[in-house]
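Have the coordinates open while you read.

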Amino acid sequence: MKRLLWFVLLMAIMSVLAAACGGTKTIEVPGETIIKEVQVPGETVVVEKEVIKEVQVPGETVVVTKEVVKEVQVPGETVVVEVEKEVVKGGQLIMGMQLEPDNLDPAVTPWAVSHSVMMNIYDTLVYENHDATFHPGLAESW
Amino acid sequence: MREGVTFHDGTPFNADAVKFNFDRISDPETNSGFAVTLLGPYAGGDILDDYTIRVNFETPFAPFLDGASQAFLGMVSPTAVEKYGEDFGINPVGTGFMKFEEWVRGDHIELVRNEDYNWAPPIWGHQGPAHLESIIIKMIPEQGTRMATLETGETNFIFAVPDSEFARLAGDPDYQIIMGPMPGLPSVVMINTSLSPTDDLAVRQALMHALDREVIRKMVKFGIPGPTENPLSTYTFSYNYDNEGMYPHDPDKARELLEGAGWTMGSGGFYEKNGETLTLITGLVASQKDMLTVMQAQAKAVGFDWQISEMASATWIDSAKAGEFNAAAIGWVSSDPIILEQFYHSKNIDSGFNWPRYNDAHMDDILDRASASTDAAERGVLYAEVQKIAMEQATVYPVHDNVGISASASNVVGIVADIRGFYHWLYDAYIRE
C-alpha cells in the first residue's frame, strides 16, 4: 500500500540538441547542475540529460537520487564538463497550523501541536527512525 | 551524553541537566500533562560522571527509549527554568537547531536558526546549522482558510489538509503532499462492556457484524487511509493479522446473534427485549460526526436504535470516562503498542481511557508483563494477545488507519514526516529558489 503512495516530486527529462560552432556553451538546469560544453569548431553535440530527484516515501524517508545520462556524438572532439551548481539552501518556512500550543514547556504541555513546535527548539536524548530503531541524539550511547 | 553541547542561553548540557529535567517532570509541582507518563516508574537518576547518568525505574520499563525520543522529554535549560519560572513555557530555551524568537498570541510563533548548532543526530541528512533561516508558525484553525494561505503563498507548509482536498493537491504540480502514517490506536469506536445493552457479548458481536468499515472509509475518508481490524493501526509494532476477517460485514449474522440472545424485531424496525428497545447511546465531537452518522445508518438497517448527539469536547471526554456511552469514537498516535494499556488495563477505568470498561485480571497481567519486558519478541506476542482478546470480546470496532496529511509549496524541499506521522523533521528542509 505504502509503495503505491510514492510521490515523484521532480522528474526532469531534458534533451539538448546543440549545433556547435566553437567556444564554450553553458546549459543551466534550474537549481540543479550546470553542464558546460567545450567544443571544437564545426562539430555537433547531442547531450541527453535525465535528472530524477527526491523521491519521497511518506512516513519513511526522502531519497535523493540523481541520474545523468550523456551522449556525446563526436567523441574526442567535444568535452562535456558537468559541475554541481551551488544550491543555496536557506529560506523561511511559514507553517499554517490548526491549533495554537498552550505553552512550549515539554514537561507541562500534553498537546501534539506543542510537540510539533518543540521538536525544533529541543533536542532529545535519542531519535527514533521509521523502522522503530533508536539512534544517538544528545545521548551518544546507552 | 554528547560533550560540547550548549543550550541557547549558553548553559552547558551535561548529565546534571538530564537529571534536572527528569526530576522536574516527575515533581508533582510541575503538573506534567504528558511527559510524566513517558517516564513511567522513574525512580531518580545517579550521576556517574559529567556525561553519564544512570536512570532508575522502580520496575522495568521497556518504552523508555520511545519516550526519550519525543520532544515531551526534550532537554530544557535548567538556568532558563530558574530564570523564567512559570513563564518558561512562553520563553522556551533548549539545545535545538532553532531558537525561540517571539510569540504573538493568536497569531504566530517565530523561531530563528541556531548558528551554533553542531550536534545534529547522525540519522539526519547533514551536520552544522539547519538550512532554514527561520520558521514561522501561524495559527489558522479554519481548514478552508488554511488551504487558501497555501494557495496565496502566505504560508508554504500547512498541517491537516482536508481529505476532500487531497486528490486536487496531489494532482497539482505547484504543491506536494507529505503523508505520515500514524501508528498507535487507529480510528476506532470503543464499545462499553459494562453498560446495557452492550454488556451482552452477543449484542456487541452483532454490532460488529452490522457495521461495514469499507463503506465508512470510502464515504467519509475518500478511501485514503487503509482499513484496520485491530485496536492498533496496521503500522504499529505487534499488529495482529490473525484477527482479520473475524467480523465480516454480515447483517444476517448480526440478526441471528441478536435473536439468539432473546431480542425480537419490534414494530418500529428496532429490536426489543423485555419491553426495552435495542438502544445505543453515543456522544461525539464535531470531527467524528460524519463517521458516526454512517455507522448509525448501518446499525439501523439491522435493527439498532443508535442515538448520537454532538457535545463540547470537555463534556464528551468526561461522559466517556464515566462510562455513560455504549460506544464512543477515538484515536491516539503512539509509536509503541503500550498505548493499549490506556484502553484495556483496569487501572485506567474512570481515571484513564479504558472506555470499554474492560476489567479483567488476565488482561491486566498480560499488559503488565508487556510493559515490563525488554524482549521485543516477547512484547510482540503479548500485545498480539491483547488485541486477540479485545477483538474476541468485541470491545472495539476498528475502522481505519490514521494518516497525517500535510502539504507544502513545491519549492519546499526535505520535510520528513517522522515515525509518528503527525510530526515533521525540518532540520534538512530548505526553500528551493
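Which strands form the open sheet of 8, and in what order? The order is S3(B)-S4(B)-S5(B)-S7(A)-S6(B)-S14(B)-S7(B)-S13(B), with mixed pairing. Keep in mind that this is a predicted model. S3 and S13 (327–333) of chain B sit at the edges with a single partner strand each, so one side of each has no neighbour in the sheet.

With S5(B), residues 134–139, S7(A) pairs in the parallel sense over 6 bridges. With S6(B), residues 157–158, the pairing is parallel too, and 2 bridges do the joining. Further along the sheet, S7(B) and S13(B) run antiparallel and are joined by 6 bridges.

| Strand pair | Sense and bridges | A bridge pair |
|---|---|---|
| S7(A) and S5(B) | parallel, 6 bridges | Met95(A) and Ile137(B) |
| S7(B) and S13(B) | antiparallel, 6 bridges | Gly184(B) and Val333(B) |

S13(B), although an edge strand, is mostly covered: 5 of its 7 residues are buried.

**The contact between the chains**

How many residues does each chain put into the contact? Chain A gives 56 residues and chain B gives 84 residues. On the chain A side, the elements that supply two or more residues are strands S1 (7–19), S5 (61–63), S7 (92–97), S8 (126–128) and S9 (134–136), plus helix H1 (112–121). H1(A) gives the most, with 8 residues. By type, the chain A side splits into 31 nonpolar, 18 polar and 7 charged residues.

In soluble globular proteins, nonpolar side chains tend to be buried together. In this model, the largest nonpolar core has 86 residues, and the members that touch the most others are Leu93(A), Met95(A), Ala35(B) and Ile135(B). So which strand gives this core its largest share? That would be S7 of chain B, residues 175–191, with 5 residues.

Leaving out residues up to four places away in sequence, Met95(A) touches Ile135(B), Ile136(B), Ile137(B), Lys138(B), Thr155(B), Phe157(B) and Phe159(B). Ile137(B), as tabulated, is also the bridge partner of Met95(A) in S5(B). There is a second, separate core of 59 residues, and its members include Ala328(B), Leu367(B), Tyr383(B) and Ala394(B).

**Chain by chain**

Chain A has 1 helix and 9 strands, following the pattern β-β-β-β-β-β-β-α-β-β along the sequence. Of its 142 residues, 29% count as buried. Taking the contacts in chain A with a separation of 6 or more, 40% are between residues 24 or more positions apart.

Chain B has 14 helices and 18 strands. Its radius of gyration is 24 Å, close to the 22 Å that the globule rule gives for 433 residues, so chain B is as compact as a globular protein of that length. Along the principal axes, the C-alpha atoms of chain B fill a box of roughly 75 × 55 × 35 Å. In chain B, 49% of the 433 residues count as buried, and residues 24 or more positions apart make up 66% of the contacts with a separation of 6 or more.

**Domains of chain B, and a loop residue**

Chain B is divided into domain 1 (1–91) and domain 2 (182–403). The centres of these two domains, taken over C-alpha atoms, are separated by 36 Å. The contact between them takes 6 residues from domain 1 and 8 residues from domain 2. On the domain 1 side, the residues divide into 4 nonpolar, 1 polar and 1 charged.

One last stop: is Asp87(B) buried or exposed? Asp87(B) has 10 other C-beta atoms within 10 Å, and 12 or fewer counts as exposed, so Asp87(B) is exposed. Its place is in the loop between helix H4 (78–84) and strand S3 (98–104) of chain B. From Phe13(B), Asp87(B) is 74 residues away in sequence and 21 Å away in space, C-alpha to C-alpha.

How values were computed: Residues are numbered from 1 along each chain as its sequence is written. Chains are lettered from A and ligands numbered from 1 in the order in which they are written. This is a predicted model: local features need pLDDT of at least 70, side-chain atom pairs count only at pLDDT 80 or more; totals for chains, interfaces and linings use all residues. Two residues are in contact if their C-beta atoms, placed from the backbone, lie within 7 Å. Helices (H or I, at least four residues) and strands (E, at least two) are DSSP runs, numbered from the N terminus. Ala, Val, Leu, Ile, Met, Phe, Trp, Tyr, Cys and Pro count as nonpolar, Asp, Glu, Lys and Arg as charged, and the others, Gly among them, as polar. Two strands pair if DSSP finds at least two bridges between them. The radius of gyration is taken over C-alpha atoms; the globule rule is 2.2 Å times the number of residues to the power 0.38. A residue is buried if 20 or more other C-beta atoms lie within 10 Å of its own, exposed if 12 or fewer, and partly exposed in between; C-beta atoms are placed from the backbone. A nonpolar core is a set of buried Ala, Val, Leu, Ile, Met, Phe, Trp, Tyr and Cys residues joined through C-beta atoms within 7 Å. Domain bounds come from an automatic or database domain assignment.
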